[in-house]
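Dear colleague,

Please find below the structure that I am handing over to you. My findings follow directly after it.

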Amino acid sequence: MGRGKIEIKKIENPTNRQVTYSKRRAGIMKKARELTVLCDAEVSLVMFSSTGKFSEYCSPSSETKKLFDRYQQVSGINLWTAQYEKMQNTLNHLKEINRNLRREVRSQRTGEDLEGLDIKELRGLEQNMDEALKMVRNRKYHVISTQTDTYKKKLKNSRETHRNLMHELELADEHPVFGYVNDDSSYEGALALAHDGAHQMYAFRVQPSQSNLHEMGYTSQDLRLA
């Protein structure tokens, strides 16, 4: 039995339609390759299924774009005019947005280009400036507060160090061997002042409390340190 003719109309069943498309797509691709080899033809084939699946074939010796350019030359139809106009409109729109943003930045930061603003735009600009001023003040107060806390900690550490030094100095005064000498009758025992009285220089004297030092003939004058 021979194959019956199929009525050329849309296949309603989606599964059958997809199977038929796959089979016939393979056949068309095969015929395009055969034409390229047998007839040395330049073939470009582009297909989209009902589900949007893309398929393409182009002769190995050519490119799809070159074939489209040849088609434009032969048919007189410009395939890229609409796309170029669309891209040009998009570019002009982006340029306009860029000009508006630049003008807004200049008016907000430097106070320029205010002549073209209406009362509504000026009020909005005033509100933006007030909000920006609040943000700057909050940041300033935060920095000042942080620096103040840091300085307070440094001052506390300095006071603690000063108290420790004074405590060590008091312990040195109470030591049984070493002590300060405050002899107003001699030059060596006198209190010397330096740096406008900010610092005091003292003479230290070793008190020979051991009996063997007395027996060796050392006196407190001989053991004085300056």
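I begin with the stretch of residues 77–104, where the chain is 86% helix and 0% strand, and where the end C-alpha atoms stand 44 Å apart. An unreviewed UniProt entry places the feature "coiled-coil region" at these residues, 77–104. Please bear in mind that the model is a predicted one.

Overall architecture

The secondary structure of the protein chain amounts to five helices and seven strands. Along the sequence, their pattern reads α-β-β-α-α-α-β-β-β-β-α-β. The chain has 226 residues, of which 12% count as buried.

D40 is found in the loop between α1 (14–39) and β1. Most residues other than glycine have a negative phi. D40 has a positive phi of about 55 degrees, although it is not a glycine. With a relative accessible area of 67%, D40 is exposed.

Strands β1 and β2 run antiparallel and are joined by five bridges. Within this pairing, S44 stands opposite C58 in β2. Five residues lie between the two strands of the hairpin, and G52 takes a positive phi near 90 degrees there.

In β2 the side chains alternate between two faces.

A nonpolar surface patch

F54 is also one of the residues of a nonpolar patch on the surface, together with V46, F48, F68, Y71, I77, L79 and W80. The accessible area of the patch is about 760 Å² in total. Two elements, β1 (44–48) and α2 (64–75), each give two or more residues to this patch.

Salt bridges

The count of salt bridges comes to four. Among them is the pair of R70 and E42, whose side chains meet at 2.6 Å, N to O. R70 lies in helix α2 and E42 in the loop between α1 and β1, so this pair ties together parts that are 28 residues apart in sequence. E42 is partly exposed, at a relative accessible area of 39%.

Another salt bridge links R99 with E96, and the closest N and O atoms are 2.4 Å apart. These two residues are three apart in helix α3 (residues 81–109), so about one helical turn separates them. R99 is partly exposed at 47% relative accessibility, and E96 is partly exposed at 35%.

R163 and E160 also form a salt bridge, with 2.4 Å between the closest N and O atoms. In this case the residues are three apart in helix α4, so that about one helical turn lies between R163 and E160. R163 is partly exposed, with a relative accessible area of 47%, while E160 counts as partly exposed at 37% relative accessibility.

Helix α4 covers residues 119–173 and includes T146. A polar atom of the T146 side chain lies 2.8 Å from the backbone oxygen of H142. T146 is partly exposed, with a relative accessible area of 39%.

With kind regards

Key:
Residues are numbered from 1 along each chain as its sequence is written. This is a predicted model: local features need pLDDT of at least 70, side-chain atom pairs count only at pLDDT 80 or more; totals for chains, interfaces and linings use all residues. Side-chain values use heavy atoms; hydrogens and water are left out. Patches are made of residues with over 30% relative accessible area and no salt bridge: like charges are joined within 9 Å, nonpolar side chains (Val, Leu, Ile, Met, Phe, Trp, Tyr) within 5 Å. Accessible areas come from the Shrake-Rupley method with a 1.4 Å probe; for residues, only the protein chains shown count as cover. Helices (H or I, at least four residues) and strands (E, at least two) are DSSP runs, numbered from the N terminus. UniProt positions are given in the numbering used here, feature names are shortened, and annotations may be inferred rather than shown by experiment. Buried means under 20% relative accessible area, exposed over 50%, partly exposed in between (1.4 Å probe, protein chains only). Two strands pair if DSSP finds at least two bridges between them. A polar contact is a pair of N or O atoms within 3.5 Å; within protein, one must be able to donate a hydrogen and the other to accept it, and residues adjacent in sequence count only if both atoms are side-chain atoms.
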